[in-house]
Amino acid sequence: MSQQPTAEELTARASRFVSVLPHCRVLGMQVEYADGEKVILSLPYSEAIIGNASNGVIAGGALTTLMDTACGTAVFNVFHDNEICPTLDLRIDYFKAATPGETLRGEAWVDRVTNNVVFAKGQVVEGPENRIIATCTANFMRIGQHIGGKK
Amino acid sequence: MTAEMKAALAALREKNDYDAVIQAIPYARLLGIQLHDMGLQPTFIMPANKDNIGNPMLPAIHGGVIGGFLETSAALHLLMNMESIALPKIIDFSLDYLRAGRLQDTFASCQVWRQGNRVANVAINAWQTDPAQPIATARAHFLLVQE
């Protein structure tokens, strides 16, 4: 590819990728922004994803889904040929409970692409001051398959 | 802790009744998690559900849903063993994906390797057709919160 795609193009590309994932639609997850460096997804607060009914804090699993999707989208965006890379592993460190009612943002970026593995990182933030709720490390396998069939 | 949750926890410890606890956790209801079998150790089930799909082409369960299922199973498992303690809080979670999670019923069971006063270490395995061929394996640390 001779020319780097613009942030507008990458945001649209990431949105198309995320919009067809059924569980992400259930959670109302959306791509807010993407450029050549990172992607930002949003996860709105909803009662369905509460993990502790006594305080309204959302479940860790919803953050895991946000970050698996955000890192996966960042990986999808570093390739320009629709290469699919399944998640190999993922680790999340929960710094603090997300504030009930707040929309969370999952930011993710790719640290390194090798022949076989893509190394990604990310974080969950909330509020205008980008309070960090959790950090994430996720690695992806390159299996050489592409959307629409093997290449 | 809400009265509903208190009653649910009492029922869990007295009668191994996980349903009331699961009903009190909205996220567990969203994924459809249920107790499958009490056996030697509890096994949880997440029945096949199109709303849990991440890859619509295979189709495969969303990796994050598998993570959420394992994390919730571990928290439920810990609740069993604890006395007068609120829902454990997740500290960190590490998940290895071994096979694609097909659109089938998924099972999970947990092993508590260490439970101290404040922190518990739990390993969790997930499988679909054969427990010897897990689709994912994870471990988590939980903070055990005193009420």
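Guide: Two strands are said to pair if DSSP finds at least two bridges between them, and strands (E, at least two residues) and helices (H or I, at least four) are DSSP runs, numbered from the N terminus. This is a predicted model, in which local features need pLDDT of at least 70 and side-chain atom pairs count only at pLDDT 80 or more, while totals for chains, interfaces and linings use all residues. Residues are numbered from 1 along each chain as its sequence is written, and chains are lettered from A in the order in which they are written.

With these terms in hand, strand 6 (residues 87-94) of chain A pairs with strand 5 of chain B in the antiparallel sense, over five bridges; within strand 5 of chain B, B:S94 is the bridge partner of A:R91.

The axes of helix 3 (residues 60-78) of chain A and helix 4 of chain B, which are lines fitted to C-alpha atoms over the stretch in contact, come within 8 Å and cross at roughly 155°, with angles running from 0 to 180 degrees between N-to-C directions. Helix 3 of chain A is therefore roughly antiparallel to helix 4 of chain B, a term for angles over 145 degrees.

Residues are in contact if their C-beta atoms, placed from the backbone, lie within 7 Å. Among the residues that meet between these helices are A:G60, A:T64 and A:D68 in helix 3 of chain A, and B:G63, B:G67 and B:E71 in helix 4 of chain B.

Overall, 31 residues of chain B are in contact with 30 residues of chain A, and strand 5 of chain B gives the most to the side of chain B that touches chain A, with eight residues.

Key. Two residues are in contact if their C-beta atoms, placed from the backbone, lie within 7 Å. Angles under 35 degrees count as roughly parallel, over 145 as roughly antiparallel, 65 to 115 as roughly perpendicular and the rest as oblique.
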